[in-house]
Amino acid sequence: MRDIWKAERGCECGTWMKKKLFTLAGIKVRGWECPKCSESILHPEDAQYALVLNKLKRGIPVKIGELGNSLFFRIPKEIVDFYKIKKGGKLVLKGGKKKMEIDV
Ligand SMILES: [Zn+2]
């Protein structure tokens with residue numbers, strides 16, 4: 001895949017945009033800003049990363065299903081992609097009385 005970060009980016013107003021580091025919900029996100037009209041574009045991969053990380057910080061509710069004698073929950077696709085979780089891979093459940101964590 002071509003790294004769009006390396007390419008020059010033109011603004012709709014016809015000016016070349018400048019690379020800039022934005023902060024989105026406390027997370028650094030690469031992007032471009034137009035020095036003329038102040039239009040800004042976020043790097044899509046960084047923006048997605050920041051979005052998912054922000055969701056994870058707040059907590060993502062998942063529904064519990066039943067399969068035979070076991071209960072299960074689905075891991076949302078964006079979380080699967082974020083942690084690069086694969087079918088057949090292993091996760092480790094850890095926790096205390098009221099909290100459970102998953103090591104990836
Ligand atoms: Zn512009």
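Strands are DSSP runs of E of at least two residues, helices are runs of H or I of at least four residues, and both are numbered from the N terminus. Two strands count as paired if DSSP finds at least two bridges between them. L21 has R30 in β2 as its bridge partner. Helix α1 packs on the sheet and touches β1, β2 and β3, where contact requires C-beta atoms, placed from the backbone, to lie within 7 Å. The direction of α1 makes about 150° with that of β2; axes are lines fitted to C-alpha atoms, for helices over the stretch in contact, and angles run from 0 to 180 degrees between N-to-C directions.

The model is predicted: local features need pLDDT of at least 70, side-chain atom pairs count only at pLDDT 80 or more, and totals for chains, interfaces and linings use all residues. Residue numbers start from 1 along each chain as its sequence is written.

The open sheet has three strands in the order β1-β2-β3, with antiparallel pairing. Because β1 (18-24) and β3 are the edge strands, each with a single partner, one side of each has no neighbour in the sheet. From one strand to the next, the twist averages 40°.

## Helix α1 and its end

Helix α1 covers residues 44-58. Its 15 residues should span 21 Å at 1.5 Å a residue, and the 21 Å between its end C-alpha atoms agrees with this; the expected span is 1.5 Å times one less than the number of residues. G59 follows α1 and has a positive phi, near 100°.

C37 lies in the loop between β2 (27-33) and β3 (40-42).

Apart from neighbours within four places in sequence, C37 is in contact with C11 and C13. C37 and C11 are 26 residues apart in sequence, and their C-alpha atoms are 8.6 Å apart in space.

The protein chain is divided into domain 1 (10-59) and domain 2 (61-104), with bounds from an automatic or database domain assignment. The centres of domain 1 and domain 2, taken over C-alpha atoms, are separated by 30 Å.

Strands β6 (residues 92-95) and β7 (residues 100-103) run antiparallel and are joined by four bridges. β6 and β7 form a hairpin, with four residues between them. L93 stands opposite I102 in β7.

Definitions and conventions
Two residues are in contact if their C-beta atoms, placed from the backbone, lie within 7 Å.
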